[in-house]
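Please look through the sequence and the model shown here before reading the notes, which are grouped by topic.

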Amino acid sequence: MWFAKSQEETLKELNVNPATGLTSQEVQARLEQYGTNKLKGKPKKSLIALFFAQLKDMLIYVLIGAALITFFIGEYVDSIIILLVVVLNAAIGVFQEFKAEKAIEALQQMTTPKTLVRRNGEVLEIQSEELVPGDIVLIDAGRFIPADLRLIESANLQIEESALTGESVPTEKVAQEVLQDPKTPLGDQVNMAFMSTLATYGRGEGVVVGTAMETEIGKIAKILDEEIDEMTPLQKRMEELGRVLGYLAIGICVLIFVISFFQKRDLFEMFLTAISLAVAAIPEGLPAIVAIVLALGVTRMSKINAIVKKLPAVETLGSVNIICSDKTGTLTQNQMTVVKYYTLNNLQEVPREGSGFDATIQAKELMKTFVLCSDATYEQGQGTGDPTEIALVVLGERFNLGRKTLHTEYKRVGENPFDSDRKLMSTLNEENTGYRVHTKGAIDNLLKLSTTALVDGKVVPLTEAMKQEYLRVADEMSDAALRVLGAAYKDVDRVISPQEMEQALTLIGMVGMIDPPRLEVRDSIRDAKLAGITPVMITGDHKNTAVAIAKELGIAESIEESMTGAEIDQLSDEEFSRRIGSLRVFARVSPEHKVKIVKAFKSHGNIVSMTGDGVNDAPSLKNADIGVAMGITGTDVSKGAADMILTDDNFTTIVHAIEEGRNIYNNIKKSVIFLLSCNLGEIVAIFFSVLFFWPVPLLATQLLWINLITDTLPAIALGVDPGDKEVMRQKPRNPKESFFAHGSGIRAIIGGVLIGALTLVAFYIGLREYGYTLGSTDIPADILTYARTMAFVVLAASQLFYSLSMRHATKSIFAVGIFSNRYLIAAIIVGLLLQLMVISVPFLSSAFKLQMLSLRDWGIVLCLAVIPLVLKEIYKLFLRSK
């Protein structure tokens, strides 16, 4: 803890003389000991490794097994089709993940290329990678800090640390300070400077105390480097489903063999039948369909400004019930803004938008002093310099007191720069025939130096009562988390020295500024709460500031709902986890605290989304179920660690993305239940045929055709079903909830049994036409082919029509709108045409052992095929009436 050591202790421990710096020999020895000042990342996965990672799935294993078996029994076409499904599924996953995991690379790019050091008694500019502990680094305004430094000298030094601490205002640095508290947060370590932060004002010197992975940025890199291989709720569901279907397929095959053995059937024929049943049990197209639906969802989300990097993350959004959001730049504009100004007995709010406002004489004098006593610039919407000064210059522009105009008219001829002890800055400007001193700074310091005040356009003596009134208003502003800055002036007849400037001043007034909330965020937070989602603010800023913003946005109601990083450190993990449910604001936190907060929420079974834009947010983005980075203001590091990037930096987009995620999950569920109903229908038809010693109504190739061609099109169409408008009025889905919750499993079984029974009915009708029954023996091959064709058409057509009823669990197809999903209508039409084609085109019909039906039989099979749809709609009517 270098911040707890004095400059002398630090220099002694690092064995360096600040006047001469390290010698070349010492540098070389330390380079060998500590290595280069460069962040290390783990080796990136190759495309091949990414591809094989996609294959680690029970359902995929079963499919590969099925492909091998079909290959060995000579069904090469089936084998190739199954393998194509496996490859397609893996390819889609690889494509999405290939550009991900850039976090460490981005961190490496953030470390600065050049730095000024003192070595061998000379000042040199070197590559920052060559820095070693003990090097003396020179800092001036505009330079990035190249490593972690213990400051040994500072002159009005201010460093902007928002990327690391989340605080939007630059921190004033004081080298002489020694901090005794071992738990001092990063943002309060005023005697330290950290790698990749930016010096905005003043100058200083520091001794390097940490390089590469031993810096605060390096600690973040280590956290990002940890493998977090948590599966999304959908991946868990799919793995569970894959296991169930895999064991089901194996169980069915064993059962068939046992039954066949006792029935003394031909074992090779039964092996083929068992393969048919295994094919029927496994929805071959399911992995590819889920991947395609997620990919289409990703495309749809990119249109609402949300770029998803990993396919399964789309669905995870649907179960999010906690949104942890960084304050600076996410909930707020990351731009200091003056919101109030005060001259004696006149407190005014600055309008949120617009310009060209009018103001009293005193108010205009107040703003004129602030603009003339600032070094910041603001042109064409872009500011440079200290954020506080930029806010003052913007205030002047909005009241028609432009910086350029004022600085041209009132030329600066002298100044007394800002000093952290005085907490004041003064300039001397030409004014009419004489000169005027303009001073800005801490209001209590200005009150001590002022003898008069500007009231109603006149200079009057500053009484004790007036002073108390100024302090009362300043306290009110501070309680509202505003940063207060006062202004004063005095007229002189000559150019005076800096030491004479800050005496016998005339106080004008003060302003209150804050990093204001984004205008649209309040409504989004209200929408999120209505959808059962709890918003939580996490920030490196001060507690009062954070709570004030949280109250304004509707995140928190009182300061009791907040906790600081120091308070978190005093609690054990168990105590913190117990209290987390009542907290809505976390202030003055470090990157480690953010991770702890995310983990505490997750320990209660919550699905947590974390949003942020700074380097400090990257570890928590990685640990959250859904890490959301800002695309415009976000650092490359945060984007690399996130699962989703918002291209418009708008908190509102997260709420829209959650709505989209919920609809995508519902659509995937529809597709899965639909496919399982279809496959169950196939199992029912085959299994009962074997059980009762009937001829098998469908061959393995026919089942594959239906599973891969006929079922797949409506399943994909269901996957892109238009979203349910009422989805955000429901509570977030329990991530542990099965696909079969809320009666979905029962509906799948009823639908499957019905489809299977009707397939057997069609098979029976086909045999009856030629005088045979299900129990007949020695049925001629052509009659068996005809009956199988009828069963084949009923099975396929009933599944196609049944897909219409799958669009909503309770609403009728008319309420949902028959043509509101045109893809589904097209899928049904194409499916029916494919059935007609495979029956009527000679080479296809012979390959699949099918034949053309009579017109009368087409009528019969189509009537049978519509029955599941009609019964499902009647069942929905019954549900609605209940």
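The domain bounds used in these notes come from an automatic or database domain assignment. That assignment divides the chain into domain 1 (2-39 + 114-214), domain 2 (306-332 + 518-649), domain 3 (338-510) and domain 4 (660-881), and the centres of domain 3 and domain 4, taken over C-alpha atoms, are separated by 77 Å. This is a predicted model, in which local features need pLDDT of at least 70 and side-chain atom pairs count only at pLDDT 80 or more, while totals for chains, interfaces and linings use all residues. Residues are numbered from 1 along each chain as its sequence is written, and side-chain values use heavy atoms, with hydrogens and water left out.

**The chain as a whole**

- The chain holds 35 helices and 26 strands, where helices (H or I, at least four residues) and strands (E, at least two) are DSSP runs numbered from the N terminus.
- Along its principal axes, the C-alpha trace of the chain spans about 125 × 65 × 50 Å.
- Of the 882 residues of the chain, 58% count as buried; buried means under 20% relative accessible area, exposed means over 50%, and partly exposed lies in between (1.4 Å probe, protein chains only).
- Among the contacts in the chain with a separation of 6 or more, 72% come from residues 24 or more positions apart, a contact being heavy atoms within 4.5 Å.

- Eight strands form an open sheet with mixed pairing, in the order 8-26-25-24-9-21-23-22, and two strands are said to pair if DSSP finds at least two bridges between them.
- The edges of this sheet are strand 8 (306-308) and strand 22 (562-564), each of which pairs on one side only.
- From one strand to the next, the twist averages 20 degrees; for such angles, axes are lines fitted to C-alpha atoms, for helices over the stretch in contact, and the angles run from 0 to 180 degrees between N-to-C directions.
- Strand 22 pairs with strand 23 (residues 585-587) in the parallel sense over three bridges, and Ser 562 has Val 585 of strand 23 as its bridge partner.
- Strand 21 pairs in the parallel sense with strand 9 over five bridges, where Cys 324 has Val 536 of strand 21 as its bridge partner.
- Strand 21 also pairs with strand 23, again in the parallel sense, over two bridges, and here the bridge partner of Ile 538 in strand 23 is Phe 586.
- Because four of the five residues of strand 21 are buried, this strand is largely enclosed by the rest of the structure.
- In a regular strand, the side chains alternate between the two faces of the sheet.

**Helices that pack on the sheet**

- Helix 24 (residues 591-602) lies across strand 9 (322-326), strand 21, strand 23 and strand 24 (608-612), and runs at about 160 degrees to strand 24.
- The buried residues of helix 21 are Thr 545, Ala 546, Val 547, Ile 549, Ala 550 and Leu 553, and these residues pack against helix 13 (327-331), strand 20 (505-514), helix 20 (521-530), strand 21, strand 22 and strand 23.
- Just after helix 21, Gly 554 takes a positive phi of about 85 degrees.

**A pair of helices**

- Helix 28 (residues 700-710) packs with helix 29 (residues 712-719) at an angle of about 25 degrees, and their axes are 5 Å apart.
- Helix 28 and helix 29 are therefore roughly parallel to each other, since angles under 35 degrees count as roughly parallel, over 145 as roughly antiparallel, 65 to 115 as roughly perpendicular and the rest as oblique.
- Their contact is made by Asn 707, Leu 708, Ile 709 and Thr 710 of helix 28, together with Thr 712, Leu 713 and Pro 714 of helix 29.

- Val 473 sits in helix 18 (residues 464-479) and is buried, with a relative accessible area of 3%.
- Leaving aside residues up to four places away in sequence, Val 473 touches Tyr 342, Leu 347 and Met 510.
- Val 473 and Gly 512 are 39 residues apart in sequence, and 9.9 Å apart in space, C-alpha to C-alpha.
- Leu 833, in helix 33 (residues 822-840), is exposed, with a relative accessible area of 52%.
- The C-alpha atoms of Leu 833 and Leu 774, which are 59 residues apart along the chain, are separated by 29 Å.
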